[in-house]
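Please open the model in a viewer and keep the selection panel at hand.

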Amino acid sequence: MENFGYHAPTKIADAAQLAEANEDAKLMAGGMTLLPTLKQRLAAPSDLIDLAGIADLRGVCRDGDEIVIGAMTTHAEVHESAVLREAIAGLASLAGQIGDPAVRHRGTIGGSIANADPAADYPAGVLGHGATIVTNKRKIAADDFFLGLFETALEPGEIITGVRFPIPVWSTYQKLRHPASGYAVVGVCIVQTKTGVRVAVTGAGPSAFRMAAMEEALTKDFSVKSIEGIAVAADDLNNDIHASAAYRAHVVSVLAKRAVASR
Amino acid sequence: MGQFGIGQPVRRKEDVRLLTGKGLYTDDVHFDGQTWGVFVRSPQAHAKILSIDTSATKAAEGVVAVYLGQDLKADGVGTLITDVEFKDLSGKDMFRPKRDFLAIGRVRFVGEPVAIVIAETQAQAKAAAELVVVDYETLPAVGSTAFAASSDSPVIWEEHGSNVGIHWENRAEAEIDAHMAKAKYRASVDLVNNRVVPNPMEPRCAVAKWDADAGELTMYAPTQGGRRIQQGIAKIVLNIAADKVRILSPDVGGGFGIRGKIYPELGVVAWAARKTGRPVKWRGDRSETFVSDYHGRDQINHAELGLDENGKIVALKVWTIVNCGAYFAENGPRLPINGGGRIIPGVYDIENFYFSVRPVLSNTVPTDTYRGAGRPEANFLMERLMDAAAHATGLSRDEIRRRNVIKQEQMPYRTQMGMVIDSGDFVGNMDMAMKAADWAGFEKRRAESAKHGKLRGIGLSNFVEPSGGRPTEEMRIALTPDGKATVYAGTHSHGQGHETVWAQLLESFLGIPFEDVSLVQGDTKTAPKGSAGTFGSRSSWMGGVGLQRSAKRIVEKGTKIAANLMQTEPSAVTFDAGVFRAGTTSVTIKEVAKAAHDPKALPEGVEAGLDESYFLERDPEEFNYPNGTHVCEVEVDADLGKIEIVNYIAVDDCGFVLNPFIVHGQVYGGVAQGVGQAMTEQTVYDEDGQLVTGSFMDYGMPRAHHMAMIDALFNEVRCKTNDLGVKGAGEAGACGAPGAFVSAVCDALKEFGIRNIDMPLTPDRVWQTIQNAKAAKAA
Ligand SMILES: Cc1cc2nc3c(=O)[nH]c(=O)nc-3n(C[C@H](O)[C@H](O)[C@H](O)COP(=O)(O)OP(=O)(O)OC[C@H]3O[C@@H](n4cnc5c(N)ncnc54)[C@H](O)[C@@H]3O)c2cc1C
C-alpha cells in the first residue's frame, strides 16, 4: 500500500468539495472492495475520503410511497430494518443474502452499486425495483445507471447519497451463490408493481439487465407457466470456470420460475 | 482413570490462549534492527530469463540489498531436496531435476521466486520489488496433468527429454494379466483426483537473525517441528553445523503436511540475514500461499478390476499419472507410490495387484504431502472402483464390499505389497456406519425427497491408511523441584492439541495433575536431539509412546529416590497414581521430585534431577493402520446441479482413543477437507500455465454451510504394534469423505445413468453431466 492522505468529513458538501478538488482522491465507504486493491498495489489514490462519519448518509426510512436507503447503510442494517421488512421484504432478504456476516456488517449499498460488480446482488434489486439513485448532484434512474462491466453513470467525484425504492406490490430475490466468493453466479429479482412486472438479472452478464420477454409475459399472467417457454439466450452471458454461459442461461430461467412460484 | 486422564474427553488447554489472541505466531516476532524482504516472483509459467536489471531497485528508497539466484549459488548455497529415489523395472533411476533457491536462467511456474528485495520497511521493499526488471523469453507451457504426459506436450526439462520423471511399476504387468483373464466380471474407472491448494489459516512467514560472534542463525517460521528444516538450512544453505541453526515455531496456524518442508523462501531469508548482517523478515500473503505453497493431490487414474462369479476380486490394475509440478518437491513422486499407491487395494483382500505410476513435470506449483499424502487418492480410487464393481456384478454396493474385505481372522494380514495390517474390524465398520445412517430406511427418505423435487442419494466409502511417518522420535520429561512436569518435544502441535493430550498422558502415567504439566515445543534448541516432528499422523504413536517410556524411566529413577526416602530397598517399592509405596509407608511423586533436586536426599550414585528421555526407534516398514467407513447422504437439486449434504456418519478405528473430543475434531476437520476437495475446491491453470484460481474469490474453500453435522463414531480396535494401542487420526477424514460423497451423488443421479462425476462436483459440472447424460440417452 502506498501512502495516502486521509479525510473524514462529516458533511456531504465537505466530502464533495474534497472530491472535486482532487481527481486522484477516492471515496471510501466500508472499504471492502477498495482497500484490498490498495493493499495489492492495484490502486494508489492520493487521498481517501472516508464517508463513514457523515450521518446524513446512513439509515433506512419511509418517505411516502418510497423507501429511502442512505448510501452508507450496511447490508446488515438494510437486512434488519423493520421499516424495510414491512414495506419491501424482498429487498431486505436480498441484503441478507450478500456475502457473509463480516461482509454484511461493513459493505454498503452505495459502495456496492458504485462498484457495479457484475456478480453483485444489489444491482438486480435496484434495477428490478426501478429505484432511483440519488447523488449530490442529481437523480439517476436505475435503468440509466448500470452501463457495463464495473461501469456506472457516476461522474468522477460524484457521491451517491442514497437510493429511493418505490414500494412495490410484491418482490423477491433468488440467488445461486458462487461456490467460492458467495457472490451471485446468477441472481434474479422479480418485482410486481401496480403497473406491471419487472425482472432484473445479475451475475449472468457484464452488468445487471432486465428480461423484457419475461416482464411482458408476467405482466399479462403472473404464473410459472407464462414464462416456461421463454428461452434465455446464452450468447452474451458470462462464461467462466465456475459456470458456462449455457448453465447461466438455464439458471436464469430456473430461478425466475422459482421466484414466481414463491409468490 | 481420573477426569483428566487418558481416554477422557478433556477440553483443550490451548484454546483459551489461542482464542483470546495470546498465541505467539511468527508474524508476532520482531527483531531489533529488522529489515523486510519481499520476493520478486515469476509472472510467467515457463520462460528463459534473459537478464535481470536491479539498478532502479538498488537506488530506491530504503533498499538494503537485492539478491538473485547467482548470489546464493556463488556463496555455496545448494539446491532444494528431493528426498525420494525410485528405479523402474529395468533398474533405471528416476530423473531428478535440480531446483535453485532463486530461479537461475529459467522459470518454470508462475510464482517461482527469482529475487529477494530487502529494505528498511515492508512498503519500501514492495515498492522497490516492482522496479526489478526481468527480461523473459516466453516458452510454451504445460498447465495440465494430462497434457504433461502426452507426447504433444512441450518438454520442460530438455536434459531429460520427457516430462515423465520415471515409469514406475510394482511388477511386470503380464504377471497380473494372466489372473485378469480368468475374471468373469470386469469393472473399470477413469478418475481425476483434483489438485488442491492446502491453504492453512496462517500464510507462510519467516524472520531470521544471524549472530556473527557465535556463528549462529535463529529463525522463526511456521513449521511442523523444525528439526528437518534446521538440518536442511544448515547443510544446504549456510554450510554450518546443524546445532548452529535454531528454528522456532511457537504457534502455527495449520500444517497439513505442507508446513513441514524446506521452502526456498526459508533458505533465502536465512541466508540473507547472514549476508546482510541484519535480521530479515518476510511475511507471505495469501496470494503467495496460492502460488508458492506446495499444492496437493493432482492425479489421473485409470483402474481395472477383475472379479470371479461370486464377486470376489481376482485382479486389480491401476495406472496413475501424478502431476508433481515444475520440480519434484521433497516427497513429490513418493506420494502416489509409497505414500498411497501400495495401499490402493485398501481394506480388500486382493492378491494380484499391478500398479504403474508416471510422475510428470509441468509448469505448475510443485505438489507434496497434503493431509493423507497419497492415501486419500488411493482410497478414493478403490472405492470408486468398488462402486463400478457393484454395477458390473449386479451386487449392491455394500455386498460387493462385504465379499471382499479382509476379515478380522485374517489379521495380521500381509498385503501383496508386503505391508502388514495388524488389526481392524472392516466388516464391523460397515455394519456400524450403515446402522447409524439407517441405510436400510434410505429408500423411504429418497421417496420423501422426490416429493419436494430433490434427488436423494446415499454412498459409503471404506478406507485404511498406513500412518506413522519417519521411524524415530525422542521425547523428554523433566520434573521441577515442586513436582510439576515439563514435556520437551520435537513433535509439534499446530492444531492437534498436544498441550492437552501430553498432559493427560502424564497425569495417567505419573499422577501429576493435568494442570501441572506444561509443554515446550517448537524450538530445535529444546527439542530432544532425536526428535523429528509432526506429520503422517505420527505424534501419538511415536511421541505418545516415547512419553510413556520416558515416564517409565522417571518412575524407575523415582523408585530409587523413594526407597531412599522410605529407607527401604527399591525392589520393595511400587508406584501407582503418583504415589510410591513400600508396605504402609508412602511418598508422593511431588516429594520425590523435591528430593531429586536435593543432593542430601539422594541415594548414593543417583544423579540429581528427575529428567528422562526416550529415543524410540521402530522398524521403518512398520506402520499403524487407521481405518473406517464413512456414509454420506445428499440431496441434489438437479435443476441447478446443487448438492446438499443432509447426513454424514464417520466410523473411525483410530485404535485406542486418547481423547475423543480431540479425535472428533480431527475427524471433522479431515472430513471438511475431503468434502472440500470433492465439492468446492478447484485449482485451475489455463493453457499458458496461469493459475486462474489464485484467491478465495475463485478458489472454493469449504465453508460451514457446505457441511452437515457429522456423527463421528469409533469402532475401536487397539493397535497391536505399539504400547499405547493408538493409530493415527489426522488423515482419516480426508480419506473417507471424497469416496462417500461422490458415491452418494452418483446414487442420487442414477436415474440418468450417471456413474461418475469428476471432482469437484460444482453445480455447473453436475448440471452439465446431467445434460450430457440426458442427451446420450436420447441419442
Ligand atoms: C469476501 C467478500 C464477499 C462479498 N460477497 C458479496 C456478495 O455475495 N454479494 C454482493 O453483492 N457483494 C458482495 N461483496 C461486496 C460487498 O458487499 C460490498 O458491497 C462491496 O465490496 C463494496 O464495499 P464498500 O461498501 O465497503 O465500498 P468501498 O470498498 O469502500 O468502495 C467501493 C467503490 O465504490 C466507491 N464508493 C463507495 N461509496 C460511494 C458513494 N457513496 N458514492 C460514490 N462512490 C462510492 C468507492 O470509491 C469505490 O470505488 C463481497 C465483498 C467481499 C470482500
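In this predicted model, the largest cavity has a volume of about 90 Å³. To display its surroundings, select B:Leu80, B:Ile81, B:Thr82, B:Pro97, B:Arg99, B:Ile262, B:Tyr294, B:Tyr327, B:Phe328, B:Ala329, B:Glu330 and B:Pro366, which line this cavity. Colouring the selection by residue class shows nine nonpolar residues, one polar residue and two charged residues in the lining.

Next, move to the second largest cavity, whose volume is about 70 Å³. Its lining is made up of B:Arg342, B:Ile343, B:Pro345, B:Gly346, B:Tyr348, B:Ile350, B:Phe353, B:Ile406, B:Tyr413, B:Thr415, B:Gln416 and B:Met417. Here the division is eight nonpolar, three polar and one charged.

**Domains of chain B**

Now colour chain B by domain. Domain 1 comprises 14-21 + 469-617, domain 2 comprises 31-143 + 198-292, and domain 3 comprises 407-464 + 624-779. The contact between domain 2 of chain B and domain 3 of chain B involves 13 residues from domain 2 and 14 residues from domain 3. A distance of 37 Å lies between the C-alpha centres of domain 2 of chain B and domain 3 of chain B.

How much area do domain 2 of chain B and domain 3 of chain B bury between them? The value is about 930 Å², with 59% of it on carbon and sulfur atoms. Select the side of domain 2 of chain B that touches domain 3 of chain B: its residues divide into eight nonpolar, four polar and one charged. A search for salt bridges across the interface of domain 2 of chain B and domain 3 of chain B returns zero. For polar contacts between domain 2 of chain B and domain 3 of chain B, the count is one residue pair, with both residues at pLDDT 80 or more.

**Domains of chain A**

Turn to chain A, where the domain assignment gives domain 1 as 1-50 and domain 2 as 170-261. The centres of domain 1 of chain A and domain 2 of chain A, taken over C-alpha atoms, are separated by 35 Å.

**Between the chains**

Finally, show both chains together. The size of an interface is often given as the accessible area lost when the parts come together. Between chain B and chain A, the buried area is about 1,900 Å², and carbon and sulfur atoms give 54% of that area. Select B:Leu640, B:Asp764 and B:Trp767, which supply 28% of the area that chain B buries against chain A, more than any other three residues. In total, 24 residues of chain B and 23 residues of chain A take part in the contact.

How many salt bridges are counted between chain B and chain A? There are two. To view one of them, select A:Arg258 and B:Asp637, which form a salt bridge with their closest N and O atoms 2.7 Å apart. Polar contacts between chain B and chain A amount to seven residue pairs, both residues of each pair being at pLDDT 80 or more.

Definitions and conventions:
Residues numbered from 1 in each chain as written. Chains lettered and ligands numbered in written order. Predicted model: local features only at pLDDT ≥ 70, side-chain atom pairs only at ≥ 80, totals over all residues. Heavy atoms only, no water. 1 Å grid on protein atoms, 1.4 Å probe; cavity = no way out; pocket = protein on both sides within 12 Å on 5 of 7 lines; lining within 4 Å. Points joined across faces, edges and corners; volume = space filled by probe spheres on them. Nonpolar A, V, L, I, M, F, W, Y, C, P; charged D, E, K, R; others polar. Domains from an automatic or database assignment. Contact = heavy atoms within 4.5 Å. Buried area = accessible area lost by both parts, 1.4 Å probe. Salt bridge = Lys/Arg side-chain N within 4 Å of Asp/Glu carboxyl O. Polar contact = N/O pair within 3.5 Å; in protein donor to acceptor, adjacent residues only side chain to side chain.
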